[in-house]
Amino acid sequence: ESAEDVGSHLGRAVRELPSTKAIDSLLVAGKRSGTLRLKSDKPVVVLLGSGWGAHSIMKVIDTDTYEVVCVSPRNHFLFTPMLPSTAAGTIEFRSLLEPVRVANPFLRYVEASCDKVDVNNKIIYCTSQNAYEDGFRPKFEVPYDLLVVAVGEQPATFGVPGVDEHCYYMKEIPDSVGLRQRIQQQFELAALPGTKVEDMRRALHFVVVGGGPTGVEFAGTLSDFLREDLKKKYPELMQFVRVSLLNATPSILVQFDEKMRQYALENFKRVGVEVRNDTAVVEVTKNTIKLGNGEELPYGVCVWSAGNAPRPLVKELAASIPEQAQYQPGGRPSKLAVDSYLRVIGAKDVLALGDASLFVPERLPATAQVAGQQGAYAAHLVNRGFALGRGGMGQPPPKKPVEKLTLTDKAHAALGKTILEEPEVEKGVAYYNKAFEFVNLGILAYLGNESALTQIELPFGRKLKLAGELSYLIYKSVYITKQVSFRNRVLILVDWVKAKVFGRDLSNY
Ligand code: FAD
């Protein structure tokens, strides 16, 4: 029998033992079987992912009552809104991370990807992120009592040839690290003696594809890096530097009101970022970006932040549940449709949240804010012991009488993070089973040149709109307060001071 067969038999045998719970039967397939540790009989909650949604759950979930297993290929949480700043060296990337094992030392973390979910038998199948010296990547399976899918999305190429090979994404730390190094290399290349002018122009043409907040923030941050640091060290090259932002739709930053968009465009004019709307990229080759109108742009670095697409795991899972079909746009499986309680429609004991989910009651944006609030909400549902059952519109989980608010409830209420604080009262007894409600706290975008946009939703459909330096101060204070730990706050403050006093680091490593 093959190594995988042995693993699978072992898995079945262990599952059949009466005392077996998932945490005890984490199995490594093949001859290098993992240790089967019988720890407890607690119900097992498996979290897929370590991003905004999963991190928010792991901070709140009651590990005394549940055995929590987190499976993610990434052993840390990443504060994504500030990722563009790390590519320009304003912030060091480690300042934006929190290891899962620090976020919650009482959960079991496994560095692996989930490849498949069997919702009928309540088992997930995983492959380790790391390989042994002979290249063997252990596979294992984890049975669960409740599964939470928070695997987010992946960058979308929209089928444009050459994107994967030649562009940098802005999604994870390695993207940003590679990009930072590449920017520096392009300057050193252009500075080589004997480099032709056309090669300098090509090397120093930085192209950002995508006019959403991520593309805009990166273009703004890059322009700061150019004006504040690179200009001092490579003054003779600045005449060849060009930053272009290519946007396929008629406007950048569609999330913001028209006036704010205009402000962003004017700011980009001031800092030298050329914005081209209605400009679709149709192919990227090693040295050229081909546009829909037939134009070819020579470039040195291309950052692709044109949008996201569902992960294969999510598409396959959605396709495997017949009840999902009616909610999938165009009938094609994409995200996991969830009901008002974040239960995956048609699946038993599976919750989905964040970018991987499609909240059926209301169209929600794919943002950290939504994922974070959904994570806190899901943790409260689980902590209160709801028998979540099968997801489906119009079938709420059974009501639970309120005993008392826990400390985390109170903390979350104070942070405005959860919406579970208003129990329904029936015949003098208070009950919880409130559906999830998104509380929109507003949106921010950094534009470069110490200028930002702030749009905050106020009661009665009104909005507070600010653009410029004051907005930049708000942006900085919000991001500092929103950090997930005191450590991260201190590290970011130190990075900001370092960049201001000594300039951004120019080493090419
Ligand atoms: P993610 O945070 O993406 O987490 C997904 C997790 O799943 C990751 O840990 C990943 O490693 C893991 N995973 C992937 N595949 C598997 C698998 N097969 N098995 C197990 N685990 C898996 N939102 C805002 O609200 N404001 C902003 O300013 C903002 N700026 C952004 C800037 C950037 C550069 C980016 C990339 C995003 C930004 N967003 C912002 C969007 C925000 O980051 C996402 O909406 C949010 O991360 C979604 O959270 P999530 O938990 O659904 O997924």
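## The ligand shell

Domain 1 (48-154 + 310-421) and domain 2 (163-306) each give at least three residues to the shell around the ligand; the domain bounds come from an automatic or database domain assignment. This is a predicted model, in which local features need pLDDT of at least 70 and side-chain atom pairs count only at pLDDT 80 or more, while totals for chains, interfaces and linings use all residues. Residues are numbered from 1 along each chain as its sequence is written.

There are 34 residues around the ligand, and G49, G51, G152, G354 and T367 come nearest (a residue is near a molecule if its C-beta atom, placed from the backbone, lies within 6 Å of it). Elements that supply at least two shell residues each include α2 (52-60), β2 (67-72) and β5 (108-118). Helices (H or I, at least four residues) and strands (E, at least two) are DSSP runs, numbered from the N terminus.

## Strand β2

Six of the six residues of β2 are buried, meaning that 20 or more other C-beta atoms, placed from the backbone, lie within 10 Å of the residue's own. E67, V69 and V71 point one way from β2, and V68, C70 and S72 point the other way. In a regular strand, side chains alternate between the two faces of the sheet.

## Neighbours of β2

Strand β1 (residues 44-48) runs parallel to β2 and is joined to it by five bridges; two strands pair if DSSP finds at least two bridges between them. L47 stands opposite C70 in β2. β5 also pairs with β2 in the parallel sense, over four bridges, and R108 in β5 stands opposite V69.

How values were computed: A residue is buried if 20 or more other C-beta atoms lie within 10 Å of its own, exposed if 12 or fewer, and partly exposed in between; C-beta atoms are placed from the backbone.
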